[in-house]
Amino acid sequence: MTEPMAALKVTGLSKSYGHHVVLRDISLEILRGETLCLIGPSGSGKSTLLKCLNLLEAPDSGQIWLGNTCLTDPRTDINRARARIGMVFQHFNLFPHMTVERNVAVALTSVKRIGRDEAHQTARRRLAEVGLAAYAHQRPSRLSGGQQQRVAIARALAMEPDVMLFDEATSALDPELVKGVLAVMKDLASNGMTMAVVTHEMGFAREAADRVAFMDDGRLAEIDTPGQIFDGATHPRLRQFLSQVL
Amino acid sequence: MKDNPLLHTFFNWELIAGTFPRLLTEGLLNTILIAAGAIGVGIAIALFTAMLLLSSRWWIRLPARIYVDVFRGLPVIITVMLVGVGLPAAGIRPFGTNPFGYAILAIGIISGAYTAEIFRSGIQSVDPGQLQAARSLGMSYLRAMRLIVVPQGIRRVLPALAGQFVKDIKESSLVYLLGLAVGQRELFFIAQEEVARTYNSSPLIAAGICYLCLTIPLTHFVNHLDRSLREGRPARRTSRPDEEPAAGLASAAATAGENR
């Protein structure tokens with residue numbers, strides 16, 4: 001079976017919490033190797049959309065395709081599908097009761113069923129890639145926020161995912177720690193990883209994104225190249241948003 | 001001193017010293033056996049019950065809720081009698097005529113109800129982001145709970161758990177109500193026999209000392225465990241000098257401490 005061009009495809013996605021509508025009929029494709037940045041005011045539904053992409057949030061309607069796998073089909077093994085989608089969270093969510101190395105290795109052994117030695121070898125290699133090999137045997141709490149987030153990225157990458165999701169990965173960091181994390185993300189983007197990035201870092205969206213999607217009130221209001229979004233914005237809500245954040 | 005009735009009744013050293021050999025050779029072991037069995041049964045029941053209590057479906061929570069409320073609400077002595085005397089009388093005799101099994105079961109059922117609430121509160125206090133992170137890596141709900149959420153939840157409630165274990169040790173004395181054969185007698189039973197024989201309360205003091213020798217060190221051991229888990233293991237650093245963080249990163253690590 002040929003793989004479709006879109007690594008991730010969303011059609012007609014809607015989601016409400018009670019009477020509060022969070023996502024309204026979202027359709028979206030993320031191409032292979034593409035970096036898509038999701039921007040918009042807080043409460044516009046960016047993070048909820050991202051969490052729907054690996055079904056951490058269950059959508060009310062619509063379909064989500066990961067390559068040839070329909071995630072919203074109840075017959076799909078969602079655990080197996082999630083193992084193909086890496087996710088990085090705002091608050092890192094490292095496992096505090098495990099060493100940094102075990103944080104990276106635990107899903108390799110328990111989900112991918114890789115032998116312990118090999119998994120820990122992979123973990124050390126991934127940690128070296130984000131410059132943290134020296135911290136392998138520390139507890140996460142001994143690391144700075146920026147280092148913790150890089151461990152979280154290494155943990156997701158170790159699963160060799162098809163797609164990486166970043167949920168405001170730098171929002172909880174002190175300003176001086178943001179750079180290191182963004183550098184790792186830019187590296188990934190330029191190395192051809194497929195990425196969906198919810199971010200408030202407009203500089204990152206402009207430089208690293210292939211396309212930028214502007215969300216407003218649960219709708220995908222605008223989706224275009226960074227140049228068009230940041231310099232040629234016509235949508236009044238987007239112009240208003242950009243004037244506030246830039 | 002022998003003329004002081006208070007001292008004579010409670011601190012008759014000859015009687016205390018005379019009771020100790022049997023307390024130590026027979027009673028202590030049996031108390032530990034009953035308590036450890038009850039704690040084991042309690043933990044097994046509690047883990048299962050806590051998972052049910054955490055369900056989002058009310059009809060799964062309901063039976064667990066009823067179990068917890070009933071056995072936390074009943075006087076211990078009623079539960080012990082119902083299980084130890086009632087069950088065999090009703091023809092349900094999984095342990096034959098051996099009161100040990102019934103005592104362990106009864107105290108385990110009570111302990112399970114309390115411990116389930118302790119586990120539930122501990123597990124609920126774990127940041128939901130931990131489960132999300134584990135699920136996002138492809139772990140099933142049960143695996144994520146087992147590897148990520150439950151170990152963290154239990155660590156947080158270690159002091160409360162120690163309190164429950166102490167209670168279980170003390171309540172093991174209620175097996176007295178079920179009657180014990182020679183060789184099965186636990187601390188309280190032996191002391192009570194001596195009291196009945198000598199009309200003096202000093203053997204109870206001896207048994208009390210034995211209980212304290214179990215419960216106080218247990219509490220302090222668990223508190224020590226709790227502290228060392230909280231503070232991490234600084235020994236790591238001395239054992240791996242090659243992995244000492246570089247000086248420039250030390251300040252970053254310090255700010256991380258504030259963030260947490």
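Visitor: In chain A, which strands form the open sheet, and in what order?
Guide: In this predicted model, four strands of chain A make up an open sheet in the order β2-β1-β4-β5, and the pairing is antiparallel.

Visitor: Which strands stand at the edges there?
Guide: The edge positions belong to β2 (20-31) and β5 (69-70) of chain A, each of which has a single partner strand, so one side of each is left without a neighbour in the sheet.

Visitor: And how many bridges join β1 to β2 in chain A?
Guide: Strand β1 (residues 6-17) of chain A is joined to β2(A) by eight bridges, with the two running antiparallel; along β2(A), Val21(A) is the residue that stands opposite Ser16(A).

Visitor: Changing topic, is β7 of chain A mostly covered or uncovered?
Guide: Strand β7 (residues 163-167) of chain A is mostly covered, since five of its five residues are buried. Val163(A), Leu165(A) and Asp167(A) point one way from β7(A), while Met164(A) and Phe166(A) point the other way, and all of them are buried.

Visitor: What does β7(A) pair with?
Guide: Strand β6 (residues 85-88) of chain A pairs with β7(A) in the parallel sense over four bridges, and in that pairing Phe166(A) is the bridge partner of Val88(A). Strand β8 (residues 194-198) of chain A also pairs with β7(A) in the parallel sense, over five bridges, with Val163(A) and Thr194(A) as bridge partners. Between β7(A) and β8(A) the chain passes through α6(A), and this β-α-β crossover is right-handed.

Visitor: Back to Phe166(A): what is in contact with it, leaving aside neighbours within four places in sequence?
Guide: Its contacts are Leu50(A), Val88(A), Ile153(A), Met185(A), Leu188(A), Met195(A), Ala196(A), Val197(A) and Val198(A).

Visitor: How many residues does the largest nonpolar core have?
Guide: That core has 100 residues, and Phe166(A) is listed with Ile153(A), Met164(A) and Met185(A) as having the most contacts inside it. Helix α6 (residues 175-190) of chain A supplies the largest share of this core, eight residues. Apart from it lies another core, of 32 residues, which includes Val80(B), Phe100(B), Phe165(B) and Val222(B).

Note on methods. Residues are numbered from 1 along each chain as its sequence is written. Chains are lettered from A and ligands numbered from 1 in the order in which they are written. This is a predicted model: local features need pLDDT of at least 70, side-chain atom pairs count only at pLDDT 80 or more; totals for chains, interfaces and linings use all residues. Side-chain values use heavy atoms; hydrogens and water are left out. A nonpolar core is a set of buried Ala, Val, Leu, Ile, Met, Phe, Trp, Tyr and Cys residues joined through side-chain atoms within 4.5 Å. Buried means under 20% relative accessible area, exposed over 50%, partly exposed in between (1.4 Å probe, protein chains only). Contact means heavy atoms within 4.5 Å. Two strands pair if DSSP finds at least two bridges between them. A crossover is right-handed if, with the strands pointing away from the viewer, the path from the first strand over the helix to the second runs clockwise.
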